[in-house]
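Open the model in your viewer and keep the selection tool ready. We will go from one stop to the next.

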Amino acid sequence: MSERETILCPIDFSEASETAVSRALTLVANASANGHVHLIHATPLPPLGLEEDPGSELIGSMRDVGREQLDAFLEQVDDQGIPISASVCESDPAHAIHEAARDPEIKLNVLGSNGRRGLDRFLLGSVAAR
């Protein structure tokens, strides 16, 4: 890694995503002192009726819960002295990852997959695959 290259690491607080964060930190530690890990947590928005205000208490509550979970996770992470940043957004997780990955500083995406199989994978899909 050269100047300020970042690994994007989406997190949903599953065991698979926590493992991905650990791997991303290891990659930066082994590659460069200039590396950085950026965590992103996407809170999918619920379907809203036309009469419901998108800035409603529900959306604010979901945003707050996501931020609290991310802050608690960051407190537990052994960052190995590597710069780590984090953000929460309200979006479909696959869309949020695609948008974040457009940043020119992002050189690699490291994400876990929960390994759904069969009907669950068919019905729910995989963010990693998308």
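Select F13 and F73. Both are buried, where buried means under 20% relative accessible area, exposed over 50%, and partly exposed in between, with a 1.4 Å probe and protein chains only. This is a predicted model, in which local features need pLDDT of at least 70, side-chain atom pairs count only at pLDDT 80 or more, and totals for chains, interfaces and linings use all residues. Residues are numbered from 1 along each chain as its sequence is written, and side-chain values use heavy atoms, with hydrogens and water left out.

How many aromatic pairs are there? The count is one aromatic pair. Rings of Phe, Tyr and Trp (its six-membered ring) pair if their centres lie within 6.5 Å; planes under 30 degrees apart are stacked, over 60 edge-to-face, and the rest tilted. The ring centres of F13 and F73 are 6.3 Å apart and the planes are at 65°, so this pair is edge-to-face. Now colour by element. Helices (H or I, at least four residues) and strands (E, at least two) are DSSP runs, numbered from the N terminus. F13 sits in the loop between β1 (6-10) and α1 (15-31), and F73 in helix α2 (residues 57-76), so the pair ties together parts that are 60 residues apart in sequence.

Stay on F13. Its relative accessible area is 19%, so F13 is buried. Check the backbone too: phi of F13 is near 75°, a positive value in a residue other than glycine. Most residues other than glycine have a negative phi.

Next, show what surrounds F73. F73 touches I11, F13, E18, V21 and L39, not counting residues up to four places away in sequence. Contact here means heavy atoms within 4.5 Å.

Now select C9, I11, V21, V37, L39 and F73. Of the 16 residues in the largest nonpolar core, these touch the most other members. Such a core is a set of buried Ala, Val, Leu, Ile, Met, Phe, Trp, Tyr and Cys residues joined through side-chain atoms within 4.5 Å. Which elements give two or more residues to this core? They are β1, α1, β2 (36-43) and α2. α1 gives the most, with five residues. A second, separate core has six residues, including L8, A96, I97 and I106.

Turn to the strands. Four of them form an open sheet in the order β3-β2-β1-β4, with parallel pairing. Two strands pair if DSSP finds at least two bridges between them. The edge strands, β3 (84-90) and β4 (106-109), each pair on one side only. On average, neighbouring strands are turned by 30° against each other, direction ignored. Angles run from 0 to 180 degrees between N-to-C directions, and axes are lines fitted to C-alpha atoms, for helices over the stretch in contact.

Bring back α1. It packs on the sheet, touching β1, β2, β3 and β4, and its direction makes about 175° with that of β1.

Finish at β2. Eight of its eight residues are buried, so β2 is largely enclosed by the rest of the structure. H36, H38, I40 and A42 point one way, and V37, L39, H41 and T43 the other. Seven bridges join β2 to β3. There, H41 has V88 as its bridge partner, and H38 stands opposite S85. β1 and β2 pair over five bridges. Select P10 and I40 to see two bridge partners.
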